[in-house]
Amino acid sequence: MKMRSPLLFLTLLAALALPVFAAETPFDWPKAREIFQRAQTGGQLTPDEQKILDEAKRRHAAGENPNGQPGQNPNPQQNQQPPPAPPQNLVPLTELTGKYQNQDGGLYGGGKNDPPAELATRAKQVLAQVRPLDAEGKPAADGKIAMVSLGMSNTTMEFGVFKRIADGDPRKASNLVIVDCAQGGKTASAWANNDQPWAEAISRIQKAGVTPAQVQVMWLKEANAGPSTGWPAATDQLRDDIKADIKRAQEKYPNLRLIFLSSRIYAGYARTRLNPEPYAYESAFAVRAVIHDQPKDGPVLLWGPYLWTNGEKGRALDDLKWLPADCGGDGTHPSASGQEKVAKLLLDFFTKNPNAKPWFTKPQ
């Protein structure tokens with residue numbers, strides 16, 4: 001076939017070539033994996049490497065897996081729909097004096113933000129059992145205390161920054177090994193019903209030079225994706241899933257002594273239904289129920305830092321505010337500044353809380 005016009009021929013070539021030149025450069029998952037593994041073993045990252053790691057976590061949270069294919073994101077189309085406007089009258093649980101859905105205030109209920117006497121006594125007893133252990137889980141002067149995380153994308157994004165600043169803090173005990181085991185897309189339900197997150201967690205623990213028998217402390221922060229059943233069904237489901245997560249954690253980590261739980265950050269800027277308000281706020285009531293219902297044996301369950309406040313309104317507990325810039329593009333995951341806010345709250349908690357300071361910090 002003879003092309004009648006050279007100009008038409010050149011135009012056709014340009015049109016055919018356009019998709020090639022406009023295609024997005026594939027994300028370098030192998031490089032991100034190498035950076036992550038180095039970070040898990042205490043390696044120092046450059047600012048550019050940290051950006052790559054943060055981008056990998058963001059992509060994984062959005063449903064992309066390390067093979068560059070769509071991941072297991074429950075109800076992806078529903079989750080991408082804009083959520084209803086967030087309630088404006090929510091009050092941080094730490095200062096709630098009235099009722100919310102017939103629930104009173106205080107992290108531990110009854111307007112109290114400190115553990116009740118019986119729980120405080122038991123926590124003190126278990127705290128005395130946290131000590132350096134060898135690889136088999138036996139007390140050893142040269143042993144290690146491993147602290148892990150359990151949770152979803154927000155959790156790993158926040159705990160990863162916490163690990164980095166904690167490992168560089170001179171107050172941190174030399175025998176404490178911090179391992180980020182939280183994983184993008186691994187909701188409370190995923191940990192409760194699948195073996196894969198646990199296999200990955202144990203792999204990370206081993207790469208950090210410790211064993212599951214040395215894990216004695218955990219930070220747990222969870223939610224479920226795309227909640228739609230409202231109050232109290234979604235909160236009850238989250239409560240039950242977290243209980244199942246903890247039961248499985250006891251099986252995987254036989255010397256687990258202390259679990260510190262946190263609920264979600266503010267989600268009033270959410271642009272999707274992945275986990276918007278008021279579900280983020282209400283997750284605190286699921287955490288409180290888990291702590292209230294804990295058995296008399298096994299690890300002690302306590303509140304870690306409370307991360308929610310009503311956006312820019314702040315709270316009386318401290319100067320925490322959640323600004324639009326503290327959230328990523330979807331309004332649900334924390335941006336770099338949001339991650340740093342949570343990381344600093346974690347560091348402040350574990351260096352000062354009486355149930356954490358004795359094992360987290362160096363002897364005075």
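The model is predicted, local features need a pLDDT of at least 70, side-chain atom pairs count only at pLDDT 80 or more, and totals for chains, interfaces and linings use all residues. Residues are numbered from 1 along each chain as its sequence is written, and side-chain values use heavy atoms, with hydrogens and water left out.

Leu119, Arg122, Ala123, Val126 and Leu127 are its buried residues (buried is under 20% relative accessible area, exposed over 50%, partly exposed in between, with a 1.4 Å probe and protein chains only). These residues fall within an arc of 140° seen down the axis, so they line one face of helix 5 (the arc is that of the directions from the helix axis to the C-beta atoms). Ala117, Glu118, Lys124 and Gln125 are exposed on the face turned away from that buried side. Among the elements covering the buried residues are strand 4 (258-262) and helix 10 (279-292) (contact means heavy atoms within 4.5 Å).

In helix 8, residues 196-207, the buried residues are Pro197, Trp198, Ala201, Arg204 and Ile205. They cover an arc of only 120° around the axis, which puts them on the same side of helix 8. Just after helix 8, Gly209 takes a positive phi of about 90°.

Finally, the contact between helix 6 (residues 153-167) and helix 11 (residues 336-352) involves residues including Phe159 and Phe162 of helix 6 and Leu346 and Phe350 of helix 11.

Conventions
Helices (H or I, at least four residues) and strands (E, at least two) are DSSP runs, numbered from the N terminus. The expected span of a helix is 1.5 Å times one less than its number of residues. Axes are lines fitted to C-alpha atoms, for helices over the stretch in contact, and angles run from 0 to 180 degrees between N-to-C directions.
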